[in-house]
Amino acid sequence: MRGANDNAEHTGSGSFTASVRSLVLPILVVTALYGLPLMALLVAGRGDGALARLCILALCLSLPFLIAYAVLRRATARIDVMPHTLLLHPGFPRTGQYVVPYSVIRGIRVRRRLGGKLAGSSTLVVDLAGGTPFAVADLADADAARAAILDRLEQRKPLPPVEIPVESAEIPRILAG
């Protein structure tokens, strides 16, 4: 629903996307867990044993899937802060784009767990009317996304009514000739 009057804000941060570091970290951990013992076995001359073959099999089966997951997650998980709505893309494996008007947002939280603290990523949870939470995980800068959404919500608050004085001048009438 990107129209001429509802484009993403590019004045500051633009779209908020998934963290590269949080997606690459599991690849590095699995590579270290199976690659280092494999290297030690090869140096020790035991590279033809069952344990070495197990390490090779684990690396060959897990790394392509982890790399594909990281690439797909990086390409699909994002939050777009628009002037009138919030576009939430939860990312792979969930598909779709969710258009959330600011009027149904009841709260915004940033959730960090141990993996997020290590990788520098967090999950932005948007609480919707009716008690439904919506989460977008692995965001690089969820705090900035929360601040941008709260700023947009603050701009949408109605202004207090302005009292017009009674003794104001009359609006002149235009005479048609």
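The protein chain has a mean pLDDT of 83, and 81% of its residues reach 70 or more. This is a predicted model. The chain holds 4 helices and 7 strands. Of its 177 residues, 31% count as buried.

**Confidence**
- Among the elements of the chain, helix α2 (residues 50-76) has the highest mean pLDDT, 94.
- Helix α3 (residues 114-119) has the lowest, 85.
- Residues 8-13 stay under 50 in pLDDT. For this stretch the model has 7 contacts beyond four places in sequence.
- Where pLDDT is low, the predicted coordinates should not be read in detail.

**Overall layout**
- Along the sequence, the elements follow the pattern β-α-α-β-β-β-β-α-β-β-α.

**Helix α4**
- Helix α4 covers residues 142-155, which makes 14 residues. At 1.5 Å a residue, α4 should span 20 Å. The C-alpha atoms at its ends are 20 Å apart, so the model agrees with that expectation.
- Four residues of α4 are buried: A142, A145, I149 and R152.
- Down the axis of α4, these buried residues fall within an arc of 85°, so they line one face of the helix.
- An α-helix has 3.6 residues a turn, so residues three or four places apart point the same way.
- The buried residues of α4 pack against several strands. Three of these are β1 (16-17), β2 (78-81) and β3 (85-89). The others are β5 (105-111), β6 (122-128) and β7 (133-139).

**Residue D80**
- D80 sits in strand β2, one of the strands that the buried residues of α4 pack against.
- The relative accessible area of D80 is 0%, so D80 counts as buried.
- Its side chain makes a polar contact with the side chain of H89, at 3.5 Å.

**Cysteines**
- C55 is buried, because its relative accessible area of 5% falls under the 20% cut-off.
- C60 is exposed, because its relative accessible area of 53% is over the 50% cut-off.
- A disulfide is a covalent bond between the sulfur atoms of two cysteines.
- With sulfur atoms required to lie within 2.5 Å, the count of disulfides in this model comes to 0.

Terms used: Residues are numbered from 1 along each chain as its sequence is written. This is a predicted model: local features need pLDDT of at least 70, side-chain atom pairs count only at pLDDT 80 or more; totals for chains, interfaces and linings use all residues. Side-chain values use heavy atoms; hydrogens and water are left out. Helices (H or I, at least four residues) and strands (E, at least two) are DSSP runs, numbered from the N terminus. The expected span of a helix is 1.5 Å times one less than its number of residues. Buried means under 20% relative accessible area, exposed over 50%, partly exposed in between (1.4 Å probe, protein chains only). The arc is that of the directions from the helix axis to the C-beta atoms. Contact means heavy atoms within 4.5 Å. A polar contact is a pair of N or O atoms within 3.5 Å; within protein, one must be able to donate a hydrogen and the other to accept it, and residues adjacent in sequence count only if both atoms are side-chain atoms. pLDDT is the predictor's confidence in each residue, from 0 to 100.
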